[in-house]
Structure formats: structure tokens, C-alpha cells
Amino acid sequence: MRLKLALLASGTGSNAQAIIEACQNGVINADVKLVFTNKSTAKVIEKAQALHIPYESLNYKNFNSREEYDKAMLEILEKYEVDTIAMAGYMRIVTKQVIEKYKGRIFNIHPALLPSFAGADGIGDAKNWGVKIFGCTVHFVDEIMDNGPIIIQAALPSSCFEDTENKQLHTLEHKIYIQALKWFAEERIHILPQSRIVEILPKKDTSLQKACSNTLVYPPLEEW
Ligand code: GRF
């Protein structure tokens with residue numbers, strides 16, 4: 001099934017851009033319906049505009065509570081008929097109603113090897129802890145921040161902390177986020193029952209399907 005994606009972002013939007021391009025190039029079987037941001041000045045808006053993706057923004061100052069804010073956001077997502085959410089540097093905790101509505105269909109990327117260094121500064125915390133390997137994680141979102149079942153992770157040696165703009169980490173993030181969403185669109189992500197362990201199902205064998213769809217005569221003609 002082709003996904004109808006919303007990207008939630010608050011910052012630069014390099015992950016959002018990579019995902020949009022992967023959808024537009026047919027790598028992920030999905031349409032990005034909109035980019036939603038809580039920051040009207042976020043750079044991700046320029047990226048959405050350049051790639052012809054609609055964007056919407058809500059200022060939290062206009063709402064009395066997180067619940068009210070998320071209710072308004074959900075109405076927007078409904079308007080765009082969104083069925084899947086990818087959070088890409090979205091610096092706001094989402095409330096239960098969002099997670100319940102999109103249960104099993106909401107993803108996040110975190111710049112650390114979870115479950116280590118959850119929270120707002122995964123890279124800085126890992127660096128200050130003195131880890132020798134750090135990285136990034138794509139996971140399902142549940143009620144607890146940076147906690148849901150892990151889909152894919154990638155690691156770098158601590159020498160890459162010297163790259164102050166974290167370009168190498170971001171490049172890895174883009175790769176694993178695209179891969180995770182591609183698997184999801186292919187219905188290949190399976191959580192083992194009564195656990196949080198994610199399995200990636202093997203690629204469906206399309207050769208048989210193709211062979212069948214090319215068969216115009218059945219029973220088949222015999223050689224003569
Ligand atoms: C990424 O490092 C991501 O892991 C974290 O926020 C950052 C967003 O970067 N959640 P960008 O806005 O996608 O460039």
C-alpha cells in the first residue's frame with residue numbers, strides 16, 4: 001500500500017528532505033502529504049517549498065495545553081489524509097492521542113544508539129560520556145520518549161565527533177530512515193508478539209508474480 005506520509009520537523013530538515021526525495025524518486029512507496037512544523041521559521045519549510053510539498057505550522061503560544069495543540073495538529077493531518085507519521089527532528093513531545101491514533105505507524109530518528117542517550121542532546125551526551133562508538137536509531141514511537149521498538153541502527157567511531165557539523169552522522173541518518181520507511185511501505189516490518197523485537201521480513205519474491213502476470217494462456221501452450 002502506498003503510504004500517505006506526514007513529516008514532523010522543527011529544524012534544518014535534512015532528514016525530511018532526504019525522505020521527500022526518496023519518495024519522489026520512487027525509492028519509498030509513499031507520498032509526502034505535508035511537512036508539519038511547530039516553528040514558523042524552521043529551515044525545513046524552505047526545503048518543503050523547494051520540493052513542492054505543502055507545509056503547515058502551529059504556534060504553541062496559541063494553545064492552552066499540549067493536548068489542544070496536538071488536537072489541532074491531528075485535524076490538519078486528517079485534512080491531508082495522512083496515514084503514517086515520520087518525526088524528523090521534531091522537538092516537541094507528542095501526546096497520547098497522537099500515538100493512539102497512529103499506533104504502529106509513527107516513527108522517529110534519534111541521534112544516538114538507543115537505549116543509550118535518549119533526550120534532547122543525544123550526540124553531546126554520548127560525546128561527554130566518552131563512548132568510543134556512537135550513532136543513530138530509527139524506532140517506532142510509543143508513549144515514552146525515544147523508547148519504542150528499534151527498527152535499524154548505524155554506528156560511527158568516536159573520531160567522527162570531530163566533525164562538528166555531524167555531516168557523517170546525518171548522512172547515515174538519511175540512509176537508515178529511508179530504509180526503515182521503505183521496509184514499512186513494503187509491509188516487511190514485524191514486531192514479534194509479546195515483545196519489542198523487530199524483525200525485517202524477507203523481500204517478497206516478485207519473480208513468480210511477474211511470471212504469472214505475463215501468462216496470457218493457461219493451461220500453457222505446448223511446444224510443437
Ligand atoms: C537529527 O540529528 C535527528 O536525529 C534528530 O534531530 C536532527 C534533525 O536534523 N532527531 P535535520 O533537521 O533532519 O537536519
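Predicted model: local features only at pLDDT ≥ 70, side-chain atom pairs only at ≥ 80, totals over all residues.
**Entry: getting my bearings**

I started with the whole chain. I found 7 helices and 9 strands in the protein chain. Its C-alpha atoms fill a box of roughly 75 × 45 × 40 Å, taken along the principal axes. I also looked up burial: of the 224 residues in the protein chain, buried ones make up 45%.

**Entry: the ligand**

Which residues surround the ligand? My list has Thr12, Gly13, Ser14, Asn15, Gly89, Ile109, His110, Pro111, His170 and Glu173.

Then I went for the backbone. A polar backbone atom of Asn15 is 2.8 Å from an oxygen atom of the ligand, and that falls inside the 3.5 Å cut-off I wrote down for a polar contact. For Thr12, I noted a backbone N or O atom 3.4 Å from a ligand oxygen. Pro111 also has a polar backbone atom 3.4 Å from an oxygen atom of the ligand. How much of the ligand does the protein bury? Taken alone the ligand exposes 370 Å², and the protein buries 86% of that.

Next I followed strand 4, which covers residues 84-87. Thr84 and Ala86 point one way from this strand, while Ile85 and Met87 point the other way. All four of these residues are buried. I jotted down the general rule alongside: in a regular strand the side chains alternate between the two faces of the sheet.

Who pairs with strand 4? Strand 1 (residues 3-9) does, in the parallel sense, over 4 bridges. In that pairing I found Leu8 opposite Met87 of strand 4. Strand 5 pairs with strand 4 too, again in the parallel sense, over 3 bridges. There, Ala86 stands opposite Phe107 of strand 5.

**Entry: aromatic rings**

I searched the whole structure for aromatic pairs and got 6. I wrote up two of them.

Phe36 and Tyr69: the ring centres are 6.3 Å apart and the planes sit at 75°, so I filed the pair as edge-to-face. Phe36 is in strand 2 (residues 30-37) and Tyr69 is in helix 3 (residues 66-79), so this pair ties together parts that are 33 residues apart in sequence. Are these two buried or exposed? Phe36 has 0% relative accessibility, so Phe36 counts as buried. Tyr69 is buried as well, with a relative accessible area of 0%.

Phe107 and Phe184: here the centres are 4.8 Å apart and the planes are at 70°, so this one is edge-to-face too. Phe107 lies in strand 5 (residues 106-110) and Phe184 in helix 6 (residues 167-185), so the pair ties together parts 77 residues apart in sequence. Phe107 counts as buried at 0% relative accessibility. Phe184 has a relative accessible area of 12%, which is under the 20% cut-off, so Phe184 is buried.

Back to Tyr69 for a moment. Phe36, Phe63, Tyr69 and Tyr90 form one aromatic cluster. I also spotted a charge at this ring: the charged end of Arg92 sits over the ring of Tyr69, 4.0 Å from its centre.

**Entry: a few single residues**

Glu56 first. I located Glu56 in strand 3 (residues 55-57). Is Glu56 buried or exposed? At 18% relative accessibility, Glu56 counts as buried. The Glu56 side chain makes a polar contact with the side chain of Tyr80, at 2.6 Å.

Leu74 next. Leu74 is in helix 3, and its 9% relative accessibility makes it count as buried.

Where does Ser116 lie? I found Ser116 in the loop between strand 5 and helix 5 (122-129). With a relative accessible area of 37%, Ser116 is partly exposed.

Note on methods: Residues numbered from 1 in each chain as written. Heavy atoms only, no water. Phe/Tyr/Trp six-rings, centres within 6.5 Å; stacked < 30°, edge-to-face > 60°. Helix = DSSP H or I, 4+ residues; strand = E, 2+ residues; numbered from the N terminus. Buried < 20%, exposed > 50% of the residue type's maximum accessible area, 1.4 Å probe, protein only. Lys NZ or Arg CZ within 6 Å of the ring centre and 35° of its normal. Near = heavy atom within 4 Å. Polar contact = N/O pair within 3.5 Å; in protein donor to acceptor, adjacent residues only side chain to side chain. Areas by Shrake-Rupley, 256 points an atom, 1.4 Å probe, with all protein chains shown as cover. Pairing = 2+ DSSP bridges.
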